[in-house]
Amino acid sequence: GLVIAGVAALIFSPPSNWISDDDTPVPSNTSAAPAKSAYAASIACVAVLALVYGLYDGVSSNLHAHGKLNVWDYPRLFSIVGILAASWISDIKERSYMSAAVLCFLTADTAATLFLRSPATYALSQSLQYLFSGAYVFFFTIVFMDLAPQSKEPALWAGMGRAVHSAVLIPVIFAGRILFGNFGEIPIICISMAMFAVSIVLLVVRDRIMTANRETLTKNRSFDLFQTKYALTDRETVIVKMLVENDDTIDTIASELDISKRTCQRDITAIYEKTGTQTRAGLLRVFHED
């Protein structure tokens, strides 16, 4: 009843911030696509987090199979808390705090391994693990959903998080069960701590890459809009980019574009005419005002 009422409320009165005021489509040209390092860093982050998640999942599945733990008990509800918390935090300042939040939830999962020694603490251990699992599921979904629109294969990359998660999870679940069954919780704790350290490095690296990509995407989008507004050709747009971003001379621009100096000058003159400017300084002013 609550779910139906909530869905009905969203349908008939959706939050205003669900509708963007910016109706400009995301550029689909290859210059706007994220660097390969962004995809690699995202895959690495999800793979490491899947490894940590899978180890515990293997342990809890084994305990459940032997009747020592009920994975369908109330601690499972904490996954909902993890999803809601992660989704809320991720919307703050363009994902600025998402990595920090994931590390906090990962801390909970790492701490969960400390409470696997006794059935008396299984509920606490499960609660911490499910809290992380909810945030983790949201993380591996959203990181690739963010990358997908600018990629050459959006449909492929939109679901890559689940693919990486499944590929890592299957073998790790068995490894976790075997390690815990033969050696107790010590190997699980050690591996979780090591992967926690690796996760910090990977998330920091990914954040830096994504920040650089966002800046590049913003610049490319500005040039695309400028091209559309003033009906510039593709080559004229490239020349505008070179004029705006650096101090290249006409000779340098012509050389890099493999055109004659006279052709380059003719293109620049056309740019000035279309934009209503007469100098590079005037072009810079018009570009930044737009």
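K261 is partly exposed, with a relative accessible area of 43%, where partly exposed covers the range between buried (under 20% relative accessible area) and exposed (over 50%), computed with a 1.4 Å probe and protein chains only. The side chain of K261 meets that of D251 in a salt bridge (3.6 Å, N to O), a term that stands for a side-chain nitrogen of Lys or Arg within 4 Å of a carboxyl oxygen of Asp or Glu. D251 lies in helix α10 (residues 250-257) and K261 in helix α11, so the pair ties together parts that are ten residues apart in sequence. D251 also counts as partly exposed, at 46% relative accessibility. Helices here are DSSP runs of H or I with at least four residues, numbered from the N terminus.

The structure is a predicted model, in which local features need pLDDT of at least 70 and side-chain atom pairs count only at pLDDT 80 or more, while totals for chains, interfaces and linings use all residues. Residues are numbered from 1 along each chain as its sequence is written, and side-chain values use heavy atoms, with hydrogens and water left out.

In total, the structure holds six salt bridges. Side chains of opposite charge can pair when their charged atoms come close. One of these bridges joins the side chains of K274 and E236 (2.9 Å, N to O). K274 lies in helix α11 (residues 261-275) and E236 in helix α9 (residues 234-245), so this pair ties together parts that are 38 residues apart in sequence. K274 is partly exposed at 34% relative accessibility, whereas E236, at 5%, is buried. Another bridge is formed by the side chains of D91 and R95 (3.4 Å, N to O); D91 is exposed at 61% relative accessibility, and R95 is partly exposed at 22%. D91 and R95 are also linked with D146 in a network of salt bridges.

Helix α4 (residues 98-112) has 15 residues and reaches 21 Å from its first C-alpha to its last, close to the 21 Å expected at 1.5 Å a residue, the expected span being 1.5 Å times one less than the number of residues. Eleven of the 15 residues of α4 are buried, so this helix is largely enclosed by the rest of the structure. Among the buried residues are M98, V102, F105 and D109. The buried residues of α4 pack against α2 (36-65), α3 (78-90), α5 (122-147) and α8 (186-230).

Helix α3, with 13 residues, reaches 18 Å between its first and last C-alpha, close to the 18 Å expected. Its buried residues are S79, G82, A86, I89 and S90. They cover an arc of only 100° around the axis, which puts them on the same side of α3; the arc is that of the directions from the helix axis to the C-beta atoms. On the other side of α3, L84 and W88 are exposed. The cover over the buried residues of α3 includes α4 and α5.

Helix α8 contains Q227, which is buried with a relative accessible area of 17%. The side chain of Q227 makes a polar contact with the side chain of D234 (2.8 Å), that is, a pair of N or O atoms within 3.5 Å, of which, within protein, one must be able to donate a hydrogen and the other to accept it, and residues adjacent in sequence count only if both atoms are side-chain atoms. Leaving aside neighbours within four places in sequence, Q227 is in contact with L232, T233, D234 and T237, where contact means heavy atoms within 4.5 Å.

Key. Helix = DSSP H or I, 4+ residues; strand = E, 2+ residues; numbered from the N terminus.
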